[in-house]
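Subject: Structure handover

Hello,

Here is the structure you will be working with. Please open it first, then read the notes below.

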Amino acid sequence: MRVAVVGAGITGVCVARELSRYRVEVHVFDAKPDVGWGVSKANTGLIHACYDDDPERFPVRAKACVEGNRMWRSLVEELSIPHSWDGSMVVGDEEDLPRLRELLRRGIRNGVPELRIVEARKLEPLIKGEYALYAPTAGQISPPQAVIAIAESAAINGVRFHLETEVKGIRVKSGEVEAIITNEGEVRVDAVVNAAGLKADEVAGMVGLPMEIRPRKGEYLIFDEDAGPKPSHIIFPVPSERSKGVVVTTEVSGHLMVGPNANDVQDKEDVSTTVEGLREVYGKASKLWPLPPMNKVIRSFAGLRPEPRGGDFILGRTEVGGFYNAAGMRSPGLTAAPAVGKELASMIAEDLELDRKLRWKAGRPLPVDGGGVVCRCNLVTSGRVRWAIERMRFLGVKTPSVDSVKFRTSATAGTCQGSFCRVHIARMLAEEYGVPLWQVTLKGKGSELGVGDVKALVI
Ligand SMILES: Cc1cc2nc3c(=O)[nH]c(=O)nc-3n(C[C@H](O)[C@H](O)[C@H](O)COP(=O)(O)OP(=O)(O)OC[C@H]3O[C@@H](n4cnc5c(N)ncnc54)[C@H](O)[C@@H]3O)c2cc1C
């Protein structure tokens, strides 16, 4: 038996890891050069407490969020994923109290533990607001590192990753999936999981199923490590229908981060930031917290939410035999992913009558250090960079990219944003991959660091 998972974002890798507990061949396909380079790369990284998802309007989301939050607690320990359990505060004034109470009631219905309304400044003296809905179970992770850790764990348990491999079609015979067609050839399969993020509607279309996923952009600002003050909780405004609002948080790397806004766009590849968007983010965040000046910003970025029509996740069996959806994974999709993975894997195991493996490994190798410091901002050693490159090759990363090292080590993510260490990392990538330095890329094909050897150009 063989299962294909389309998409190596957080959803796809969670499904694959759970499937790896069964006696079945699991193949994960992703068009990008590394795992987690879709929506999962650029988001707030919060493990939500789950008071915000209305269980009547969005029952799948509400259930998976609470279960996912619970599962992340052991997952971060098992796989050494950087995390913090800071707790979140939805902050408001006297006039917001009815809305905070509504969220409290909803959270209690969803089964969120320890929720309560508090005097905000008793927990966060600098917060701009009188009251807050306090959720101690909210936390944060580094999303790209989480995807890598879960993918590695899946690979240790036999899952095969096919990167830079785009699924272009799915063959269906007598109402059952039979094969997937990729740019690398055709693979016969017994089941397909559609975990294709923003492109899940295209993948559903390959088996004739209608689906609509619209991109909704969110922009962020990250401040320098010494810029503060930094909150010790995750601070939210009162949420709206469209989003949970612009958040102020000290992310797991220790930097102050604000964002995201929520603007509908047309282009599913457009992750550019705009001056207006970043001003909006700064303006909204400064209503919650005293922000450092804009010249303390070291980086801005944007992510695209895969918004499904109707707003709820699209999960499970479909009318095409062997075709399963794990789609429409808008926020809180990161939080929900482990629960989604477990649910889909057990559904597929039941349908294909799979047996559980007798032996299954929970952990993954810990990073190694050694050699001189390469990234001076985040104190990353050359030993750590070589270890990252070895892990890239273990997962089947074909194109050497500085970003693949960044997401495994945090090198280039500090104050200087790689001005000092990028070239050293590129040299190590060139050596380990056996390619000329100029062929090393920043983030996959098309972003090569150069165009050729100087001598070759002169000739
Ligand atoms: C701005 C923003 C903030 C957010 N904040 C939070 C948060 O704080 N907490 C939270 O819980 N959630 C949050 N989310 C939601 C969360 O990020 C997503 O739910 C989650 O990352 C979706 O993961 P995914 O695996 O479904 O999609 P992706 O990560 O996009 O993975 C899908 C993969 O499929 C691949 N693919 C697509 N089509 C094909 C094809 N034909 N062939 C091969 N590969 C293909 C893509 O390359 C991609 O890598 C946020 C989202 C955004 C955008």
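Which domains does the shell around the ligand draw at least three residues from? Domain 1 (1–81 + 139–212 + 309–364) and domain 2 (82–138 + 214–303) each give at least three. The domain bounds come from an automatic or database domain assignment.

Two points before you go on. This is a predicted model: local features need pLDDT of at least 70, side-chain atom pairs count only at pLDDT 80 or more, and totals for chains, interfaces and linings use all residues. Residues are numbered from 1 along each chain as its sequence is written.

**The ligand**

There are 40 residues around the ligand. A residue counts as near a molecule or strand if its C-beta atom, placed from the backbone, lies within 6 Å of it. Gly9, Gly38, Gly197, Gly218 and Gly333 come nearest. Helix H1 (10–19), strand E19 (297–308) and helix H8 (333–352) are the elements that give two or more residues to this shell. Helices (H or I, at least four residues) and strands (E, at least two) are DSSP runs, numbered from the N terminus. By class, the shell has 18 nonpolar, 16 polar and six charged residues. Here Ala, Val, Leu, Ile, Met, Phe, Trp, Tyr, Cys and Pro count as nonpolar, Asp, Glu, Lys and Arg as charged, and the others, Gly among them, as polar.

**The domains**

The assignment also gives domain 3 (373–449). The C-alpha centres of domain 2 and domain 3 lie 31 Å apart. Five residues of domain 2 are in contact with five of domain 3 (C-beta atoms, placed from the backbone, within 7 Å). On the domain 2 side, those residues are one nonpolar, one polar and three charged.

**The strands**

Six strands form an open sheet in the order E9-E2-E1-E13-E21-E20, with mixed pairing. Two strands pair if DSSP finds at least two bridges between them. Why is one side of strand E9 (160–162) and of strand E20 (314–317) left without a neighbour in the sheet? Both stand at the edges with a single partner strand each, so one side of each has no neighbour.

Inside this sheet, strand E1 (residues 2–6) runs parallel to strand E13 (residues 191–194), and four bridges join them. Val6 has Asn194 of E13 as its bridge partner.

Now look at strand E11 (residues 176–182) and strand E12 (residues 185–188). They pair in the antiparallel sense over four bridges. Two residues lie between them in a hairpin. Ile180 stands opposite Val187 in E12.

Best wishes

Note on methods
Contact = placed C-beta atoms within 7 Å.
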